[in-house]
Amino acid sequence: MEKRYLFPADYMADPSVHVFNGKIYIYPSHDWECENVENDNGDQYVMKDYHVLSIEGDPMTGEVVDHGCVLRQEDIPWAGRQLWDCDVQEYEVEVPTTAEDQAKGMGFSKKVKKYIMYFPLKDRCDVFHWGTAIADNPAGPFIPQPAPVPGSYSIDMCAFKDDADGEVYVYFGGLWGGQLQRYKDNIHLEEPYLPEGEEDALPSRCVRLTKDGLNYAEAPRPIIVVDEDGKPLKANDPHRFFEASWMFKKDGKYYFTYSTGDSHLLCYAVGDNVYGPFTYQGVILTPVVGWTTHHAIIKYEGKWYLFHHDSVPSGGKSWLRSLKVCELEFDENGKIKTIEGIDK
Ligand code: FUB
């Protein structure tokens with residue numbers, strides 16, 4: 001299996017990837033050196049800004065363009081620390097036309113595209129919320145909104161636009177340092193609760209957004225991954241959800257994909273609608289070098305690609321990760337062929 005490191009010039013991770021206006025855009029985390037800290041709270045992931053990358057044509061060979069720094073932590077009014085995995089979605093909005101446009105007979109309003117970035121960031125009390133930032137162009141720059149999305153919590157947002165209804169649904173959540181165990185029914189708990197053993201695993205969440213992309217349109221719902229008998233995966237199952245939700249659609253089926261965190265796999269489950277339930281199917285990627293594994297899956301010009309990261313170039317430092325891409329194959333039943341994270 002041929003794999004490509006996409007951006008050897010810098011450490012970047014957690015790729016969210018979309019095709020906007022016919023071109024591939026990558027929205028990664030921007031890893032930073034961090035001395036003397038490594039713990040289960042993720043204090044070693046001290047990212048402070050975002051860059052946007054794009055690819056000219058074929059992801060395996062095309063030139064990778066760095067569009068530079070598009071959002072800085074210091075420009076976000078409510079910032080505490082840690083800009084983790086972001087995502088971006090495209091919206092069409094109605095704006096007033098200029099007097100000149102009106103004189104040309106263009107009417108009083110026109111439709112333009114806007115791009116909204118969703119990013120997780122800790123506030124000054126060390127609690128993760130989601131911020132939003134808006135751009136006129138998929139390559140940014142992104143201008144942050146003054147406050148976090150009301151009611152938002154945890155990390156790792158995947159902003160998925162469903163072609164069935166045109167709505168945007170955000171999948172999110174992460175255990176341990178991602179703080180998902182601090183919430184039940186979207187309410188902050190006095191004491192965090194992480195299920196163990198034969199208890200049902202803590203699920204990812206999904207929420208539909210308002211048409212302008214800036215707020216929740218409903219309360220987030222749990223995304224349940226079930227086994228072939230329809231029973232939820234248990235907390236002690238190495239294939240249960242941990243973080244890094246990603247959704248894509250193929251042949252009318254919804255593929256919910258995620259990282260299993262402490263068992264270091266990328267796994268997937270398939271359902272018939274955005275909210276599931278999703279039936280567990282298998283492993284997409286076996287463990288890579290480094291603690292975290294995280295990904296995006298897209299179709300581009302008829303082929304499927306897995307974008308992910310590993311820590312090979314940094315010599316195994318789990319907080320200094322590098323972006324990779326390889327082709328992803330399906331069998332005739334829509335099952336993903338497992339990829340080895342470490343080349344033999
Ligand atoms: O990059 C920081 C965190 O590490 C992400 O939010 C997780 O998905 C993991 O990759």
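Let me start with a term: by a polar contact I mean a pair of N or O atoms within 3.5 Å; within protein, one must be able to donate a hydrogen and the other to accept it, and residues adjacent in sequence count only if both atoms are side-chain atoms. With that in hand, His294 places a polar side-chain atom 2.7 Å from an oxygen atom of the ligand.

A word on the source: this is a predicted model, where local features need pLDDT of at least 70, side-chain atom pairs count only at pLDDT 80 or more, and totals for chains, interfaces and linings use all residues. Residues are numbered from 1 along each chain as its sequence is written, and side-chain values use heavy atoms, with hydrogens and water left out.

Back to the ligand, then. The protein buries 98% of the 280 Å² that the ligand exposes when taken alone (accessible areas by the Shrake-Rupley method with a 1.4 Å probe).

Who else is around the ligand, meaning with a heavy atom within 4 Å of it? Among them are Tyr45, Met47, Trp84, Glu243 and His309. By class, the shell has four nonpolar, three polar and five charged residues. Here Ala, Val, Leu, Ile, Met, Phe, Trp, Tyr, Cys and Pro count as nonpolar, Asp, Glu, Lys and Arg as charged, and the others, Gly among them, as polar.

Thanks, everyone!

Conventions
Near = heavy atom within 4 Å.
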